[in-house]
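Hi,

Here is the structure I promised to pass along. Have a look at it first, and then read on for what turned up when I went through it.

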Amino acid sequence: MVDKQRVIPLIVATALFMENMDSTVIATSLPAIAADIGTSPLTLKLAITSYLLSLAVFIPASGWTADRFGARMVFAIAVGVFMVGSIGCALSTSVTDFVFARILQGMGGAMMTPVGRLVLLRSVDKSALVNAMAWVTVPALIGPVIGPPLGGFITTYASWHWIFLINIPIGLLGIFMALRFIDPIKSETREPFDLYGMVLAGVGLAGIAFGLSVAGLNLLPWSTVAALVVGGAISMTLYVLHARRTGSPVLDFSLLKLPTLRAAVFGGFMFRLGIGALPFLLPLLMQIGFGLSPFHSGLVTFGSSLGAMGMKTLAARIIRTFGFRNLMTVNAVVSAFFLGVCALFTVTTPLLIILVILVVGGFFRSLEFTAINTVAYADVETAQMSRATTLVSVNQQLAVSAGVAVGAACVETTMWFNHVSEIDATVFAPAFLVIALTSAASSWFFWQMPADAGHEISGRTAVEIASRKGAAKSAATAAVKTATEDTQDVRDQRLG
């Protein structure tokens, strides 16, 4: 017998691993790819951002598609589409070929992430959701960390084509495992597809995500970037007005009435905005500021994934001990502290100290991600899961794009203030402080959750929390004793 509580999270993690690693491994190999297909790295960067456009356009349709055709089938097809796009990237001989291949990858990626999360939520018991999210989070975090050194190694010692082809065996394994172990669950009710809302949301998200992604990177004029973001914001405003008049919106903002989902969306956006800038700023600091090679820089930043892996076995126990609200509020500040410490890195800072800080910080960041990704669905009904996963996925994409924009803008502002024209190690400190403060601000949203938020999936009962807040001692003691005798052994077995 196969334990689906472990297998299904790992199946979903293969898709997240492919997507996250692919998006970071390309950055290291960009010059080699550009030289081989006869274009400039600058032009090729614009082509790569076409992936973000495709991602933003098609994510809103993921929830309805999964309900209509079944999450298992859509997930497997999405992985296949991503693989075809990867093969297309490897076979590209021009910028046009590369653009179309990346758009195809974006179509697959837009379905893989939210539908994969939906598969997880529908297949795993809520009492085991914390452990399941931990198993999913770790591979997803490893991808962006090992991407740079892996891309540098493959490009240096083999060929850049292989950075796309390594997705093929991973994808094939993921498809086989999905069809073998995931149950074919479909929604019992078929809602009409909101095409008009899809167009408005797609244009809005594409404009905002693409504009924020290229802001501060000197790829497009600032007037064009501003037009993209403003145009996207206008389109999203029109969508919000439209969503209020339709019964089946592609992005259901009415779910934000749920306090846990609202905290995960708004607080998670602030937290991810800060964390999303880290993979952008840290490699630049290591390579341009400290003069390390892409390969050695990647080896240093690999420390974050070591901390993430250490979190996996402890997440459920930590969340059960402290509860979602207390843990997420305090841990957001702790994680932000380790981001802020990066501002103290200098050329003379021993790499061992940098590695230790990244390992410890990676532990707390991964713990926060696991808590955010889990508590978001604590109060969501089964019928609303597809809409919730779509909303959360869109929020995550915008947060990461905004994080890169904020990090780049901070670096450019510091350069302007210091009257320097070239990036050096001294211009990164303010950026790390800004993103640290931004991530720390997310704790306010987490503290607004109810004291018993997510108690059904954390293993802490509402009675236990009430007793800690000063409820009547005799009643609380009796209730805790009863709850402990009846359920504690079962919970320990479920949560491990």
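**The salt bridge**

Searching the whole structure turns up 1 salt bridge. Keep in mind throughout that this is a predicted model. The partners are D252 and R387, and their closest N and O atoms are 2.9 Å apart. D252 sits in the loop between α11 (222-243) and α12 (259-289), while R387 belongs to helix α18 (residues 385-418), so the bridge ties together parts that lie 135 residues apart in sequence. Are these two residues buried or exposed? Both D252 and R387 are buried.

**The overall picture**

Stepping back, you are looking at a protein with 22 helices and 0 strands. There are 496 residues, and 55% of them are buried. If you take the contacts between residues at least 6 apart in sequence, 83% of those join residues at least 24 apart.

**Aromatic rings**

How many aromatic pairs are there? The count comes to 11. Take F98 and F164: their ring centres are 6.0 Å apart and their planes meet at 75 degrees, which is over the 60 degrees needed, so this pair is edge-to-face. The pair links distant parts of the chain, with F98 in helix α6 (residues 95-123) and F164 in helix α8 (residues 162-165), 66 residues apart. F98 has 0% relative accessibility, so it counts as buried. F164 is also at 0% and counts as buried.

W444 and F445 form another edge-to-face pair, at 5.3 Å centre to centre and with 90 degrees between the planes. Here W444 counts as exposed because its relative accessibility is 54%, and F445 is partly exposed at 26%.

There is also an aromatic cluster to look for, made up of F337, F338, F363 and F364.

**Charges over rings**

R68 has its charged end over the ring of F69, 5.0 Å from the ring centre. R325 lies over the face of W447, and the distance to that ring centre is 3.9 Å.

**A methionine in α6**

Back in helix α6, you will find M107. M107 has a relative accessible area of 32%, so it falls in the partly exposed class. Which residues does M107 touch, apart from its neighbours within four places in sequence? The contacts are S54, F58 and V81. M107 and A78 are 29 residues apart in sequence, yet their C-alpha atoms are 7.6 Å apart in space.

**A nonpolar patch on the surface**

Last one: F193, L195, V199 and V203 make up a nonpolar surface patch, and together they have about 350 Å² of accessible area. F193 is in the loop between α9 (167-181) and α10 (195-214). With a relative accessible area of 32%, F193 is partly exposed.

Cheers

Definitions and conventions. Residues are numbered from 1 along each chain as its sequence is written. This is a predicted model: local features need pLDDT of at least 70, side-chain atom pairs count only at pLDDT 80 or more; totals for chains, interfaces and linings use all residues. Side-chain values use heavy atoms; hydrogens and water are left out. Helices (H or I, at least four residues) and strands (E, at least two) are DSSP runs, numbered from the N terminus. Buried means under 20% relative accessible area, exposed over 50%, partly exposed in between (1.4 Å probe, protein chains only). Contact means heavy atoms within 4.5 Å. Patches are made of residues with over 30% relative accessible area and no salt bridge: like charges are joined within 9 Å, nonpolar side chains (Val, Leu, Ile, Met, Phe, Trp, Tyr) within 5 Å. Accessible areas come from the Shrake-Rupley method with a 1.4 Å probe; for residues, only the protein chains shown count as cover. A salt bridge is a side-chain nitrogen of Lys or Arg within 4 Å of a carboxyl oxygen of Asp or Glu. Rings of Phe, Tyr and Trp (its six-membered ring) pair if their centres lie within 6.5 Å; planes under 30 degrees apart count as stacked, over 60 as edge-to-face and the rest as tilted. A charge sits over a ring if NZ of Lys or CZ of Arg is within 6 Å of the ring centre and within 35 degrees of the ring normal.
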